[in-house]
Amino acid sequence: MHTASTSTDTDGRGALAELVQRYWYPVYAYVRRCGHAPAIARDITGSFLKHLMHAFHADQVGAPRGDFRRYLLSRLHAFLGSDWKETPADDPAVELSAPADLEQRFERDSASATSPEEAYQRGFALEVISRAFKRLRSEANRAGHLTMYEALQPHLAHDPGPGEYEAIAQQLNSRPLALVVALKRLRQRFRELVGEELADTVTSAEELATEQDALHAVLVGMH
């Protein structure tokens with residue numbers, strides 16, 4: 001993360017833009033929970049992310065140091081405390097597009113949050129999980145195991161109930177024991193992918209451990 005945010009070459013800017021683009025949703029969730037209507041929240045989120053990218057390109061703010069989750073929230077606080085409408089003209093180096101499902105995700109996952117910060121923390125955690133799931137599915141598809149993945153994915157967090165392994169095995173023309181092994185491997189790979197997603201947002205092993213604990217606490221708090 002630190003390298004991407006400080007580099008001035010094309011690859012560095014692209015890496016930072018990609019990292020910022022990943023986290024539209026937690027910023028949007030924060031702004032929506034502040035009480036703004038969906039269209040306004042989308043505009044504010046887009047303006048903030050463009051402002052942040054422009055500031056990086058112009059060396060107007062320090063590069064992220066420490067975990068990106070807290071850094072992004074601190075910059076958002078500063079942005080909302082200013083006149084956010086007075087953002088600089090579009091930077092040709094900044095290309096950001098809003099995900100189409102922002103409001104749908106907010107209504108499903110964050111509308112019940114008790115504060116903007118809770119909505120942000122929840123949104124950040126769910127974005128990490130969502131990205132890990134997408135990567136796991138893509139890997140299964142490339143390996144020719146998409147049908148098995150889709151059958152086992154609902155059981156990544158909870159073991160199948162009595163008789164479910166047998167039912168899935170019959171559906172897939174497989175053996176229950178093979179599915180037990182496959183599910184164990186999927187869970188292990190999913191944990192690795194979550195770790196990789198979090199590693200992109202930190203600069204040290206200690207920060208990674210802290211982010212893993214924070215992610216776990218958010219997910220536990222949602223249940």
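Helix axes are taken as lines fitted to C-alpha atoms over the stretch in contact, and the angles between N-to-C directions run from 0 to 180 degrees. The structure is a predicted model, in which local features need pLDDT of at least 70 and side-chain atom pairs count only at pLDDT 80 or more, while totals for chains, interfaces and linings use all residues. Residues are numbered from 1 along each chain as its sequence is written, and side-chain values use heavy atoms, with hydrogens and water left out.

The chain contains 11 helices and 0 strands, where helices (H or I, at least four residues) and strands (E, at least two) are DSSP runs numbered from the N terminus. Of its 223 residues, 42% count as buried; buried denotes under 20% relative accessible area, exposed over 50%, and partly exposed the range in between, for a 1.4 Å probe and protein chains only. Among the contacts with a separation of 6 or more, 69% are accounted for by residues 24 or more positions apart, a contact being defined by heavy atoms within 4.5 Å.

Two packed helices are described by the angle between their axes and the distance between the axes. The axes of helix α7 and helix α10 (residues 176–199) come within 9 Å and cross at roughly 130 degrees. The two helices α7 and α10 are therefore oblique to each other; angles under 35 degrees count as roughly parallel, over 145 as roughly antiparallel, 65 to 115 as roughly perpendicular and the rest as oblique. The crossing of α7 and α10 is right-handed, a term that applies if the near helix is turned clockwise from the far one by less than a right angle, anticlockwise being left-handed. On the α7 side the contact is made by Val128, Ile129, Arg131, Ala132, Phe133, Arg135, Leu136 and Glu139, and on the α10 side by Leu186, Arg189, Phe190, Leu193, Val194, Glu196, Glu197 and Leu198. These residues divide into 10 nonpolar, no polar and 6 charged, with Ala, Val, Leu, Ile, Met, Phe, Trp, Tyr, Cys and Pro taken as nonpolar, Asp, Glu, Lys and Arg as charged, and the others, Gly among them, as polar.

Helix α3 (residues 24–33) packs against helix α6 (residues 102–110) at an angle of about 70 degrees, with the axes 10 Å apart. The helices α3 and α6 are therefore roughly perpendicular to each other, and their crossing is right-handed. From α3, Trp24, Tyr25, Tyr28, Ala29, Arg32 and Arg33 meet Leu102, Glu103, Arg105, Phe106, Glu107, Asp109 and Ser110 of α6. The contact of α3 with α6 comprises 6 nonpolar, 1 polar and 6 charged residues. Within α3, Ala29 is buried, with a relative accessible area of 0%. Ala29 touches Phe106, Ser110 and Ala119, residues up to four places away in sequence not being counted. The C-alpha atoms of Ala29 and Ala111 are 8.2 Å apart, although the two residues are separated by 82 residues in sequence.

Rings of Phe, Tyr and Trp (its six-membered ring) pair if their centres lie within 6.5 Å, and planes under 30 degrees apart count as stacked, over 60 as edge-to-face and the rest as tilted. For Tyr23 and Phe68, the ring centres are 6.0 Å apart and the planes lie at 55 degrees, so the pair is tilted. This pair links distant parts of the chain, with Tyr23 in the loop between α2 (10–22) and α3 and Phe68 in helix α5 (residues 68–80), 45 residues apart. Both Tyr23 and Phe68 are buried. The rings of Tyr23 and Phe124 have centres 4.2 Å apart and planes at 5 degrees, so this pair is stacked. Phe124 lies in helix α7 (residues 116–142) and Tyr23 in the loop between α2 and α3, so the pair ties together parts that are 101 residues apart in sequence. The relative accessibility of Tyr23 is 0%, and that of Phe124 is 2%. Ring pairs link Tyr23, Phe68, Tyr120 and Phe124 into a cluster.

Glu127, also located in helix α7, counts as buried at 7% relative accessibility. Its contacts, not counting residues up to four places away in sequence, are with Arg22, Tyr23, Tyr25 and Arg105.

Asn173 is found in the loop between α9 (164–172) and α10. Asn173 is exposed, with a relative accessible area of 74%, and its phi is near 55 degrees, a positive value in a residue other than glycine.
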